[in-house]
Amino acid sequence: MVVTLVVTAFQLLFEYKHVKHTILSEVVDLRKSFSGGLSAALWDYSPAQLDSILSGMHQIEKVSGAKVVDDQDSLMASVGSVVTQDIQVTALSTMEQEHTREIQILTDQGKETLFEHRFPIEYNDRGNIQLLGYGYIYVNHKTIISSIVYTLTLIIINSIIKTLALWAIFLFFINKVLVRPLNALTAATQALNPDDPESLSESKSLEGTLEANRADELNILAMKFIEMRTAILNRIDMIQRQNEMLDARVEERTRELSKSNVALTKVNSELEHLSLHDPLTGLPNRTLFSDRLNHQLHIAKRYQNEFIVLSIDLSKFKNINDDFGHQVGDKILKETATRMSGSLRKTDTIARMGGDEFAAILPGADAIYGKQIAQKLLTALAPTIRCEEHSIDAYANIGIATFPEHGTTAEALFNNADDAMYQAKRAEEGFALFSTKVNKTLSKQRKLCDQIPQAIQLNQFELHYQPIVSLQTNQLIGVEALVRWNHPNFGMIPPDEFIGLAEKSGVIDQLTHWVLETACSQCREWQEQGHEIRVSINLSRRSFNNTNLAKNLQQTVRNHGLDTSSITLEVTETAAISHPETVIQGIEELNNSGFTVSLDDFGTGYSSFSLLTKIAIKQLKIDKDFLVDMNESSQMVVQTIIELAHKLEISVVAEGVETPELLSWLADVNCDYAQGYFVSKPLPVETLNNWLQESEWFQNKPDSHSKAA
Amino acid sequence: MYKHFKKNLAIAASILVPLLLTPAVGLTDTLTLKFGLYGSERRSSLDEQFNPILTELENRLSHSMGKKVEIERVFFRDYQQGLDAIVNGDVDFTRTGPATYALAMQRNNELSIIAVESKKGKKKFEGVIVAGKHSDISQVSDIKNRSFAFGNQNSTIGRYLSQLHLLNAGITIAELDNYDYLGQHDKVAVAVIRNQYEAGAFKIGILKDKYIADRVKVIAKIDTPTHPWTAREGLAKETINHIKAALLGITDKSVLKGLKRDGFLAGDDSDYTTIREAIEKNPLFLNEQHAVATDAN
């Protein structure tokens, strides 16, 4: 900036001197032009002509004034700014030009600087040169400044015009070379809309701005952009084709899934029904009964209504099974269920609680009505039942409990009705209303339960083993250990009659421990005999209350020199549902300890397939109720369970296999294992050992079951 | 038929001709007078010089004569044409130099002076005979055998009176080394200043210019009658009197500025006796006795 100013100052100074010198030189020359005229005018003494000449001189731009004086220095004519006797001169200086000096004068406007050139006016009168006077030409300093300003203005305007022209040319080329291509590139880029593939093909304007012969970076960039866009277009086309193919596949799969969903919905509906109903009799099961009992309790409490609960047990039904087989037993159950449900109102509920146990809820009924209904039920069951070639009489024992007299909770009402039923059974009275007397009788039953530890000590319990065979290899792969109580007074008591009480009283743990010890001991014995027979042991729900269950069981098994893989632990589906977190965690620990955990009675609880994904089981056992009187729906359910279990890498055991047709069908649908009377009923160890010696299953004869069929 | 036509035409003419010949009321009241102007100046300068006084004269005449009076300016290029116009009655009145008046009267003595111009309240002004400032000429007689510059050949001072002065000093044109008629008074002055002529004669007003006054010296002064305003032969006496009264009444300096006079005075032919004498003696100066009659004609 300073340098520029200094340079500019020097330029201006130089320009000033140059202009001043030029102007004054021109003034000197000017006199030559006018001296002749002035001489003639003065010689003729023509003031008018002098004024005219001076006016003409003053017309010259650089001349600010002029005057003529005579030889006596008297003013004869003047024009413009001149120095006269009236004007105060403040400074004088001679200049390099001839007869020229710089004069500073004082005017009304202040100091003013004039350059004065003086020249003689002479006349040649016939060879005689006469001095007539002097002419003066004045140049105002402002004229020089104005000239410099004018020159500078011209230079500046010239520079501006040149600069603008250069800029215009520069911008033109910049616009052509850079801006237009960049704008086109930007516009093409902005036109790209990721959501609109059409925008890729619409941004064609870029091609128009490209020059094929140019090879600058911008052109290359634009070319690459077009190539990229083309590539994207191709990719989009490819993606669209793939999407169309994918959509077609999805649509196809959706149709398939829709069909599957219909089937699954149907299956789920069946499962839901089965989970809430007894598949054999079609009556509500324990779960639905419990739900309805609680519902009835709420209503009765709210409206202060009465209702009664009946506990119904078929007498000596086990004998029917033993004598005539389960098929006959099941038909008896169905017939009795039909007769009992037909004897009740539509508003009443009768459910099969398991085995030969039934229960009913009679809303609005009191004790008297309850007795009438009980009698009605007994009457309905009285006629002999014709089953195949057998004539069978079914008897029932019915316990009655009333709300609110005999209990205000579902558990109390049912337990008291159950106690009344035991009383009726013991008294062989058909039915009994709950009373303290009944309770006392029940106490005796509980005393029986209390005898379990002692019975263990006295070896009154024994284990029966029911074989489990592989449907793929036709080999015996294991046995399920089932406990029996050989009571000195009551004879052989089935587990249904004491397991429940044992669980309630807590002695089940001791019993489970005895079963485990006995089964392991037997398993070890078989292994020592060279038989690899896996033993399945039922675990009570209560067992999972023990946080060291896995550790204790593992220790017990090892104490017998066994590997945990030799033992399969069965847990009922109902137990898993009722205490899911505890059971799931316990199963996980057992699984981690090497045990094979099997989900027993699958299908009897109100569960869904999602349970299988939550529990670390390796095996499930389809409840035998699914396999009795199979129809198309139950076949679909069993088949779906098997397929689903296999997808979850869970093996499947079919329970209650009593016919060769069923065994063959199970093999066809890839069921892994089978257990049931067709293979063998539960056998005492001595009998089983004999069976092992004789059974084709154990001898691994590939055609054994087909022979049996 | 033809007889009736002639009768009707005579009737129509008797009615229409008087109507056609009778001017409108305004026109009837307008009097147009022609005023002769001459001089070496440009026409515009003469018009500018005389317009104020002629306009004033129109007003005054219109007022005094009770009718509109218009003065038509008639310009002539020189003395001679102006002289001829008044002599021949081409203009109604004119302003002439004293010598021109005398010459005109020689040709037509029916001309009459309306009024004479006043110079400082007098009917005369001065002319001068000058020499160079540093000339050795100190009196008129010293001019003998010297060069002399005259003005216009018809000029009162520039010729007749100055030549009379030279004649009276014993100098005729033959005793002049050189002479010429330069036409204008200022040119005579400049010629003397530039030593082109050693002496010269011009009206005294030229010496108001300091440049000239500083460079010449007056050798002699010449009394000269002022300019007369002359009426043509036959102009109505009433009109002449109205013009005279009007001119004598003008005292406004702004009106008189162009004439460089201060007013008008009553005058007559006797005021120009001197110039008439000078004209008559001029041939003596010229040594051309026979030529006097020619010039007078």
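This is a predicted model: local features need pLDDT of at least 70, side-chain atom pairs count only at pLDDT 80 or more; totals for chains, interfaces and linings use all residues.
**View 1. Where chain B meets chain A.** Nine residues of chain B and 12 residues of chain A make this contact (heavy atoms within 4.5 Å). Residues are numbered from 1 along each chain as its sequence is written, chains are lettered from A in the order in which they are written, and side-chain values use heavy atoms, with hydrogens and water left out.

**View 2. The area tucked between the two chains.** About 870 Å² is buried between chain B and chain A, with 42% of that coming from carbon and sulfur atoms (buried area is the accessible area, 1.4 Å probe, that two parts lose on being put together, summed over both). On chain B's side, B:Arg194, B:Tyr211 and B:Arg215 supply 58% of what chain B buries against chain A, more than any other three residues.

**View 3. A salt bridge between the chains.** Here A:Asp70 and B:Arg215 join side chains at 3.2 Å, N to O (a salt bridge is a side-chain nitrogen of Lys or Arg within 4 Å of a carboxyl oxygen of Asp or Glu). Chain B and chain A have two salt bridges between them.

**View 4. A six-stranded sheet in chain B.** This open sheet has the order E2-E1-E3-E10-E4-E11, with mixed pairing (strands are DSSP runs of E, at least two residues, numbered from the N terminus; two pair if DSSP finds at least two bridges between them). Its edge strands are E2 (68–76) and E11 (263–265) of chain B.

Conventions:
Helices (H or I, at least four residues) and strands (E, at least two) are DSSP runs, numbered from the N terminus.
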